[in-house]
Amino acid sequence: MRDRFDDFVAQRLDRLLRYATALTCDPHLAQDVVQETLLRAQHRWERIAGLQAPESYVRKMITNEFLSWRRRKASRNVTAAHSTLDAIGTPTADHAEHYAERDAMRARIAALPRKQRAAIVLRFYEDCTDAEIAEALGCSAGTVRSHISRALSTLRAADGGRRRGLPVTEALS
């Protein structure tokens, strides 16, 4: 009987996960719901396998598990004041702002002329010296310094005069 259950899961797991994902709108929750359902179904498999449409029955179990999951989650949600939450643990910064700044800096770097962009990447990402950059770009060390200076001026101007802009090294990593 265990082999029949394993075959059922192997053949239908993708469909059940797609159904649960559409139901929950969250692939991680869908995996949890399907896992809980299949654990329960495994213990009752002899009875479920004897039904005309075991897949429909398991789908119904997934639906019920999702609905009860939401009820259990709602009954466990306890609202607390910000002061209580701050006392429990220190709040952390929102990382979205950091990613947005990094993406904006990458866009500004991508808009630089090719040689200036290459000089910036070689300097701040690869940690190359002026001589190494000059060799890579086929120009003099003075031209490298000029490329970097112009690129940094352009990046600062594009930054809108904000003082706390993201460093170039973080944008490239």
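**View 1. The salt bridge between R40 and E65 in the predicted model.** R40 and E65 are joined by a salt bridge whose closest N and O atoms lie 2.6 Å apart, a salt bridge being a side-chain nitrogen of Lys or Arg within 4 Å of a carboxyl oxygen of Asp or Glu. The pair links distant parts of the chain, with R40 in helix α2 (residues 27-43) and E65 in helix α4, 25 residues apart. R40 counts as partly exposed at 28% relative accessibility, whereas E65 counts as buried at 6%; buried means under 20% relative accessible area, exposed over 50%, and partly exposed in between, with a 1.4 Å probe and protein chains only. This is a predicted model, in which local features need pLDDT of at least 70 and side-chain atom pairs count only at pLDDT 80 or more, while totals for chains, interfaces and linings use all residues. Residues are numbered from 1 along each chain as its sequence is written, and side-chain values use heavy atoms, with hydrogens and water left out.

View 2. E55 lies in helix α4 (residues 54-76) and R12 in helix α1 (residues 2-24), so the pair ties together parts that are 43 residues apart in sequence; helices are DSSP runs of H or I with at least four residues, strands are runs of E with at least two, and both are numbered from the N terminus. E55 is buried, with a relative accessible area of 16%, and R12 is partly exposed, with a value of 22%. A network of salt bridges links R12, R15, E55 and R59. The charged end of R59 also sits over the ring of Y19, 6.0 Å from its centre, where the criterion asks for NZ of Lys or CZ of Arg within 6 Å of the ring centre and within 35 degrees of the ring normal.

**View 3. The salt bridge between R145 and D130.** The side chains of R145 and D130 meet with an N to O distance of 3.2 Å. R145 is partly exposed at 48% relative accessibility, whereas D130 is buried at 18%.

**View 4. The aromatic cluster of F5, F8 and W45.** These three residues, F5, F8 and W45, form one aromatic cluster, and the structure has two aromatic pairs by the rule applied. Rings of Phe, Tyr and Trp (its six-membered ring) pair if their centres lie within 6.5 Å, and planes under 30 degrees apart count as stacked, over 60 as edge-to-face and the rest as tilted. The rings of F5 and W45 have centres 5.2 Å apart and planes at 70°, so the pair is edge-to-face. F5 lies in helix α1 and W45 in helix α3 (residues 45-49), so parts that are 40 residues apart in sequence are tied together. F8 and W45 form a tilted pair, 4.8 Å centre to centre with 45° between the planes, which links F8 in helix α1 to W45 in helix α3, 37 residues apart. F8 is buried, with a relative accessible area of 5%, and W45 counts as buried at 5% relative accessibility.
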